[in-house]
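Subject: Structure handover and notes

Dear colleague,

I am passing on the structure below, together with notes on what was found in it.

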Amino acid sequence: MAPRIALFHATRAAIRPVEAAFAEIWPGADHWSLLDEGLTQAVDRAGGYTDEIGARFIQLAEYAAATGVDAFLFTCTAFGPAMEECQRRFPFPTFKPNEALLEEGLRAGGRVGLLASHPVTLPLLTGQLQDLAREQCRTIDIKPVLAEGAWDDLTKGRMDSHDEKVIAASSELDDCGVVLLAQFSMAPLLPKVQAKVPGRVLSSPHAAVARLKGLFAA
């Protein structure tokens, strides 16, 4: 029987990219989605993560876990403390959206470009990548870049403008050996970003699905 994977979303823009990654990398997986866009809206209103938002996140995760799953994959980046609590709480594998991506970036070495569209996400992931480097006693040179205004375009359905801003911002990373697309919603732009920069471009959903497949195939 195929493992059952619960995908936990706080924006619908993350759903299609991760489904595309499953179709490409692991079509035999049994996955289903839980979406609460209000979580992201709450973060935007509060200007960042709060304990109240975290409690709501964990409550929804407990509901999904009770349905019987073999693994969790969270696809939105702004809920780090709540995701870490879920990792401690649940007995099955539970993955943050960018764990696999950050590990790939660290393995690549050299200067790592980190491209995000959400202003809360960029400092969170920069810190996570720095922490990961310290844990592994490795030195890393991180260049974080925010695609200004792209997240607002995304939330208002202005996808052409969102895409243009992300692609334009990626040109600032032309001195990086590897470029990490920090959010699942940016994954469809990988080919266009790759055309702008000489370094290798990696996306969160592809890295995450590949790691999940490797875990259950082992």
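Contact, in what follows, means heavy atoms within 4.5 Å. Ser170 shows how the term is used: leaving aside neighbours within four places in sequence, this residue is in contact with Leu115, Val193, Lys196 and Val197. Please keep in mind throughout that this is a predicted model.

**The chain as a whole**

The secondary structure of the protein chain comes to ten helices and eight strands, and along its principal axes the C-alpha trace spans about 45 × 40 × 35 Å. A compact globule of 218 residues would have a radius of gyration near 17 Å, and the 16 Å of the protein chain agrees with that. Of the 218 residues, 51% count as buried, while the chain exposes about 9800 Å², of which carbon and sulfur atoms supply 51%. When contacts between residues at least 6 apart in sequence are considered, 67% of them join residues at least 24 apart. As for charge, the mean positions of the 21 positive and 27 negative charges are 2 Å apart.

In soluble globular proteins, nonpolar side chains tend to be buried together. The largest nonpolar core here has 25 residues, and those with the most contacts inside it are Phe57, Phe72 and Phe79. The elements that give two or more residues to this core are strand S1, helix H2 (37-46), helix H3 (51-66), strand S3 (71-74) and helix H4 (80-89), and H3 gives the most, with six residues. Phe79, if its neighbours within four places in sequence are left aside, is in contact with Ala10, Leu39, Thr40, Val43, Tyr49, Ile53 and Phe57. Apart from this core lies another, of 19 residues, which has Leu101, Leu125, Leu180 and Ala207 among them.

**Residues in strands**

Leu7 lies in strand S1, which covers residues 4-9, and counts as buried because its relative accessibility is 1%, where the cut-off for buried is under 20%. Not counting residues up to four places away in sequence, Leu7 touches Val18, Phe22, His31, Trp32, Ser33, Leu34 and Leu73. The C-alpha atoms of Leu7 and Leu129, which are 122 residues apart along the chain, are separated by 23 Å.

Leu181 has its place in strand S7, residues 178-181, and with a relative accessible area of 0% is buried as well. Beyond its neighbours within four places in sequence, Leu181 is in contact with Leu101, Leu115, Met186, Ala187, Leu190, Val193, Val201, Leu202, Ser203 and Ser204. Leu181 and Pro205 are 24 residues apart in sequence, and their C-alpha atoms are 9.6 Å apart in space.

**Residues in helices**

Which residues does Asp153 touch, not counting residues up to four places away in sequence? They are Arg158, Ser161, His162 and Lys165. Asp153 itself has its place in helix H7, residues 150-155, and counts as buried at 2% relative accessibility. Asp153 and Pro3 are 150 residues apart in sequence, and the distance from C-alpha to C-alpha is 36 Å.

**Residues in loops**

Asn98 is placed in the loop between strand S4 (94-95) and helix H5 (99-108), and is buried, with a relative accessible area of 2%. Its contacts, leaving aside neighbours within four places in sequence, are with Thr77, Leu125, Ala182 and Ser204.

Is Cys137 buried or exposed? Cys137 counts as exposed, because its relative accessibility is 75%, where exposed means over 50%. The place of Cys137 is in the loop between helix H6 (121-135) and strand S6 (141-146). Most residues other than glycine have a negative phi. Cys137, although it is not a glycine, has a positive phi of about 55 degrees.

With best wishes

Definitions and conventions: Residues are numbered from 1 along each chain as its sequence is written. This is a predicted model: local features need pLDDT of at least 70, side-chain atom pairs count only at pLDDT 80 or more; totals for chains, interfaces and linings use all residues. Side-chain values use heavy atoms; hydrogens and water are left out. Helices (H or I, at least four residues) and strands (E, at least two) are DSSP runs, numbered from the N terminus. The radius of gyration is taken over C-alpha atoms; the globule rule is 2.2 Å times the number of residues to the power 0.38. Buried means under 20% relative accessible area, exposed over 50%, partly exposed in between (1.4 Å probe, protein chains only). Accessible areas come from the Shrake-Rupley method with a 1.4 Å probe; for residues, only the protein chains shown count as cover. Lys and Arg count as positive and Asp and Glu as negative; His and the chain ends are not counted. The place of a charge is taken as NZ of Lys, CZ of Arg, CG of Asp or CD of Glu. A nonpolar core is a set of buried Ala, Val, Leu, Ile, Met, Phe, Trp, Tyr and Cys residues joined through side-chain atoms within 4.5 Å.
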